[in-house]
Amino acid sequence: MNKKILALLLVFMMAFTATLPAVQADADDEEDNDLSDSIIIKILEAIHNKSYTVELTDDHAANRAIIVDLINSVLSSESGGIAITEEFADILVGYYATMVLKYVVSGDFEYNGGTDIDAGYVKAASDIPQYMIDLISGKDTEVDYSKMFAECGLSIDLNLGCDVNTDGLDHIGLDINDMESSPISSLLTALIGTDNPDAFNGMDVVAEDGSIYSASANLKLLTYLGIFADSNIGKTDKDPYAALRIVLNANGKFGESLNRISGTGPESIRTGLELNNLSLDLVVDIAKNGSKTNISLTINKALIDAKYYIGADGDYKETAIHNSNLMAMVNETTIVVSGDRNPVTHEVSIITDAEMAKARADRSQTVNDIIDEAKDGTENETEEIDRTIPLIVSAVLAIVGIAVISAVKFGKKY
Amino acid sequence: MYESNYRAPAFDENAEAPEVGFRDNFVISLKNAFSVRGIIGMVASVITILVLVYLQDYLNGLLAERGTPISLPLLTLMMIAIPVWTVANASRASLKKKQLLNASETAGILGRYVGAVLGATLTMIPAFATIIICMFVIKGIVPMAILESFAVMAAFSALVCAMTMMFNTRVKMAGALTFLVVFVIVPLLVFLIGPFMGLLDLGTICGVIPLVDTISAIGTNGFGGLTVLMLCTLLAPVSSVPTDLIVDILLPVSWALVFLGLTVFLQFRRENQ
């Protein structure tokens, strides 16, 4: 049962991000449907208090076997009877690895065998309280919680490699020209600054048809996702609303390096993204106001500190990616995706310590451990306000002030 | 011992009658706060906030016309008005027009001070009430940060009253001087030491020198309080002013005690020329 979780978790993440734009179309029907059998509920129940750990060692054969087991267990329960072999697992891993290469480096690479799966691990844990699932599916819950929260922790250290051949390179770099223009992307451009945008254009290289490279990718990622919800659906007869506060903290790095084995072209190509800190604190607010549906997105905090680099032999470009000054000044901006221009936004505050403790007690220890590791590892340390200096200064100043007043008042008598 | 030619202006028995006694001075301060100028100030603060509400709506409309569906944070904009009016009301409550401080003896000064702080806090209530009403009418919710901001505002009134009274022992236009210090000189110094030259972290500085920007910062993430610091953001990036409720109340109060002590001391020196 546990082994299906990773696949379902990925599906959940994709479904969540994919359904956000679709919500506008569905919002009018939301409260009317019986949600208890929907795919979302199935996914939520599957990741309720679950953890999943995969340890990969230096033994390539053993790692391969683990991957084959994983894929076979998912396939056997879904399509009954099909099983893959180790060679096919190699091809599958290599295929997905080159897909990443195509986007990040160049579209001209093809898988050419030699798959390597090195030591690493994938640890995932998530917890969605049962009462949250019940509330979303519309069942009566015994516990009357007005605020609900879910947490996911993800810790990845993956090192993969394979051989690739190319049918002729003339340019390497990101291909980001077909990003759709939308309110979100234009806001992103305003919020995120780079100090060397030329790095995104890549560089021209020349490699002949048939050159073979050995590619290796490593991904280190530590992510904490917390979802806090506040909703009155099913509780009152007033206009329904659901506000979701999403806290996403992540750090990590992704690197891809290619070394030429045969043919002509650059000796080595390397590119990567180092994410020092990504902190997002967003509130998605969906509310019905009469016949209108208001959907708005409030950015409480959006901080990013990353570095992107690309290089081929001696040519090297890098750029820092960080939030612009505008973001530091204007927090709590609301983007109206649809509906009223000045929407009523609902406050969703962080859960209290007592409620958090109770939720943690209901989880298994492994789930708690993985989530804690992700939370602590990605916490932005500058958040802590050290009160020692101000308290000492206040105490000293207060004593000085009172001393002067007393000295004047009582000193006059002498 | 260095003998200065400067003589602090002594009490002119004819022009200023030194007021003695806690209660008399207390009443004088309250009368200052609720004088005609005080009432006009209260009305003006309410009008300022309503203008800001209109401005936010207008800017939202402009943005919407350009296709950027961003709604500016209403509470943040409204709270920008609070520091200015806090300092204005506090300095008005502590001063008599065009006069040096004529409270005499410790009890008198304390009476004048407590009355000024009370008067300043009370005259800020219409402004806060306007903000709450506007939030309720437009957004339908009243964020709790209002109460915390009120507490910080009261602490700042205490600081500004003490500072104004201290200046008033030497200078007649103490109100203008207080404005200059609070809105220009201190934020400028903080900006130069902190974000500009990078000597100290802004968080550390704010732990020692209270910035009036913190009044509007509670719950609104440091949008600034119309001080020079906000303009300086154009020169060098200034992160949001770090805020912590306990620090924001204790620090201004302790600085207020220092200034109060200095006021008592300076007034004592004046009396005993």
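**Two helix pairs in the predicted model**

The crossing of α10(A) and α11(B) is left-handed, a term used where the near helix is turned anticlockwise from the far one by less than a right angle, right-handed being the clockwise case. In this predicted model, local features need pLDDT of at least 70 and side-chain atom pairs count only at pLDDT 80 or more, whereas totals for chains, interfaces and linings use all residues. Residues are numbered from 1 along each chain as its sequence is written, chains are lettered from A and ligands numbered from 1 in written order, and side-chain values use heavy atoms, without hydrogens and water.

The model scores ipTM 0.81 and pTM 0.66; for chain B, the mean pLDDT (the predictor's confidence in each residue, from 0 to 100) is 81, and 84% of its residues reach 70 or more.

Between the chains, the axes of α10 (residues 388-411) of chain A and α11 (residues 245-271) of chain B come within 8 Å and cross at roughly 25°, so the two helices are roughly parallel (under 35 degrees, on a scale from 0 to 180 degrees between N-to-C directions). By class, their contact has 20 nonpolar, 4 polar and no charged residues, with Gly counted among the polar ones.

Within chain B, the axes of α1 (residues 22-33) and α4 (residues 105-123) come within 7 Å and cross at roughly 30°, which makes α1(B) roughly parallel to α4(B), although here the crossing is right-handed. Residues in contact (heavy atoms within 4.5 Å) include F22(B), F26(B) and L30(B) of α1(B), and L110(B), V114(B) and L118(B) of α4(B). This contact has 10 nonpolar, 7 polar and 1 charged residues.

Definitions and conventions. Helices (H or I, at least four residues) and strands (E, at least two) are DSSP runs, numbered from the N terminus. Angles under 35 degrees count as roughly parallel, over 145 as roughly antiparallel, 65 to 115 as roughly perpendicular and the rest as oblique.
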